[in-house]
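User: Hi! I'm new to this one and would like a friendly tour. Could you show it to me?

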Amino acid sequence: MSSLVLMSDPQVAAIPVRECGEPLVDVRDHSFRVDPRKQDPLGAFAHVREGVLARLEHARSLLPAGTDLLFIEGYRPLALQQRYFTEYRDELAAAHHGWTAEQLYQAASRYVSPPEIAPHSAGAAVDVTLADQDGHELDLGTRVNASPEESDGACFTHAPNVSDRARHHRMLLLNAMENAGFTNYRTEFWHFSVADRYDALMRQEPHARYGPIELP
Ligand SMILES: C[C@@H](N)C(=O)N[C@H](C)C(=O)O
């Protein structure tokens with residue numbers, strides 16, 4: 001297992017973006033199981049780049065019978081990413097009075113990407129989990145979007161403090177998504193991205209193909 005590189009690592013921001021211009025598409029037009037918890041009036045949450053959709057379809061086909069992907073969130077407007085990041089950083093600041101701005105920036109990036117490199121705002125990232133054939137969410141150890149503090153670190157993909165059953169489900173998800181070409185952010189078992197700066201760095205690619213994009 002490779003060592004953890006945080007989103008705040010300067011190596012991530014240093015990856016250049018050569019925008020490929022692929023459009024955003026709505027996964028709800030492609031028979032995915034879509035959970036409404038991140039639903040927004042414009043349906044932004046259900047959008048991803050075309051190439052991300054193709055990889056999601058591939059990942060889905062790699063899961064064992066009776067198991068399916070449950071799509072939670074894809075595209076996130078930059079203003080929302082900024083809000084999530086600031087709110088979480090402020091929460092950490094309130095709990096850790098002695099931390100420097102740099103410490104807060106790094107710690108916040110375990111759970112929310114700094115807006116300037118955010119994979120969700122590039123349409124390159126998805127938050128997904130597993131469901132059974134009736135659409136019931138499977139146990140992957142914590143709720144999707146549990147923070148490190150809330151879950152005592154159990155949100156980390158390879159956390160030891162989850163049950164064998166949850167670990168098994170995490171590995172099903174991770175293997176299907178990685179074999180379909182996604183990179184997991186190891187601090188969150190549910191977060192995967194492709195062709196953004198983080199994925200490019202992990203794959204030692206010279207540049208990312210997806211940069212910040214607006215919903216049409
Ligand atoms: C906030 C959480 N759901 C999330 O999306 N985290 C990743 C790292 C992100 O903000 O890109």
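Analyst: Happy to, and we can go from the overall fold down to single residues. One thing to keep in mind is that this is a predicted model.

User: Good to know. How many helices and strands are there in the protein chain?

Analyst: The protein chain holds seven helices and seven strands. Their order along the sequence is α-β-β-β-α-β-α-α-β-α-α-β-β-α.

User: And what does the C-alpha trace span along its principal axes?

Analyst: About 50 × 40 × 35 Å. The radius of gyration of the protein chain is 16 Å, which agrees with the value near 17 Å that a compact globule of 216 residues would have.

User: What share of the residues counts as buried?

Analyst: 40% of the 216 residues. As for contacts with a separation of 6 or more, 71% of them join residues 24 or more positions apart.

User: Let's go to the strands. Which strand does β4 pair with in the antiparallel sense, and over how many bridges?

Analyst: That is β5, residues 125–132, and six bridges link it to β4, residues 67–73. Thr67 sits opposite Asp132 of β5, and Leu70 has Thr129 in β5 as its bridge partner.

User: How does β2 pair with β4, parallel or antiparallel?

Analyst: Parallel, over two bridges. Within β4, Phe71 is the residue opposite Val34.

User: What about β5 and β7?

Analyst: β5 pairs with β7, residues 191–193, in the antiparallel sense over three bridges. Asp127 has His191 of β7 as its bridge partner.

User: Why is β5 described as largely enclosed by the rest of the structure?

Analyst: Six of its eight residues are buried, so the rest of the structure largely encloses β5. β4 is mostly covered too, with five of its seven residues buried.

User: Then how many residues does the largest nonpolar core have here?

Analyst: It has 49, and the ones with the most contacts inside it are Val48, Leu69, Phe71, Val126 and Val128. At least two residues of this core come from each of β1 (24–26), α2 (50–62), β4, β5, α6 (164–179) and α7 (197–202). Another core of six residues lies apart from it, with Leu92, Ala107, Ala108 and Tyr111 among them.

User: Let's pick Val48. Where does Val48 lie?

Analyst: Val48 is in strand β3, residues 47–49. It counts as buried because it has 31 C-beta neighbours inside 10 Å, against a cut-off of 20 or more.

User: Which residues is Val48 in contact with, leaving aside neighbours within four places in sequence?

Analyst: Leu24, Val25, Val27, Leu53, Gly74, Tyr75, Gly123 and Val126.

User: And Leu69, on the same terms?

Analyst: Beyond its neighbours within four places in sequence, Leu69 touches on Phe32, Arg33, Leu56, Ala59, Arg60, Val128 and Leu130 as contacts.

User: Changing topic: where is Leu63?

Analyst: Leu63 is in the loop between α2 and β4. It counts as partly exposed, with 16 C-beta neighbours inside 10 Å. Leu63 and Leu173 are 110 residues apart in sequence, and their C-alpha atoms are 7.6 Å apart in space. Leaving aside neighbours within four places, Leu63 is in contact with Asp68, Leu172 and Ala176.

User: What is the phi of Ser31 near?

Analyst: Near 55 degrees, a positive value in a residue other than glycine. For context, most residues other than glycine have a negative phi. Ser31 is in the loop between β1 and β2 (33–34), and it is exposed, with 9 other C-beta atoms within 10 Å.

User: And Gln204, where is that found?

Analyst: In the segment after α7. Gln204 also has a positive phi, near 55 degrees, and counts as exposed with 6 C-beta neighbours inside 10 Å.

User: Last stop, the ligand. Which residues come nearest to the ligand?

Analyst: Val112, Ser113, His120, Asn145 and His191 come nearest, out of 14 residues around the ligand. The shell is made up of eight nonpolar, four polar and two charged residues.

Notes. Residues are numbered from 1 along each chain as its sequence is written. This is a predicted model: local features need pLDDT of at least 70, side-chain atom pairs count only at pLDDT 80 or more; totals for chains, interfaces and linings use all residues. A residue is near a molecule or strand if its C-beta atom, placed from the backbone, lies within 6 Å of it. Ala, Val, Leu, Ile, Met, Phe, Trp, Tyr, Cys and Pro count as nonpolar, Asp, Glu, Lys and Arg as charged, and the others, Gly among them, as polar. A residue is buried if 20 or more other C-beta atoms lie within 10 Å of its own, exposed if 12 or fewer, and partly exposed in between; C-beta atoms are placed from the backbone. Helices (H or I, at least four residues) and strands (E, at least two) are DSSP runs, numbered from the N terminus. Two strands pair if DSSP finds at least two bridges between them. A nonpolar core is a set of buried Ala, Val, Leu, Ile, Met, Phe, Trp, Tyr and Cys residues joined through C-beta atoms within 7 Å. Two residues are in contact if their C-beta atoms, placed from the backbone, lie within 7 Å. The radius of gyration is taken over C-alpha atoms; the globule rule is 2.2 Å times the number of residues to the power 0.38.
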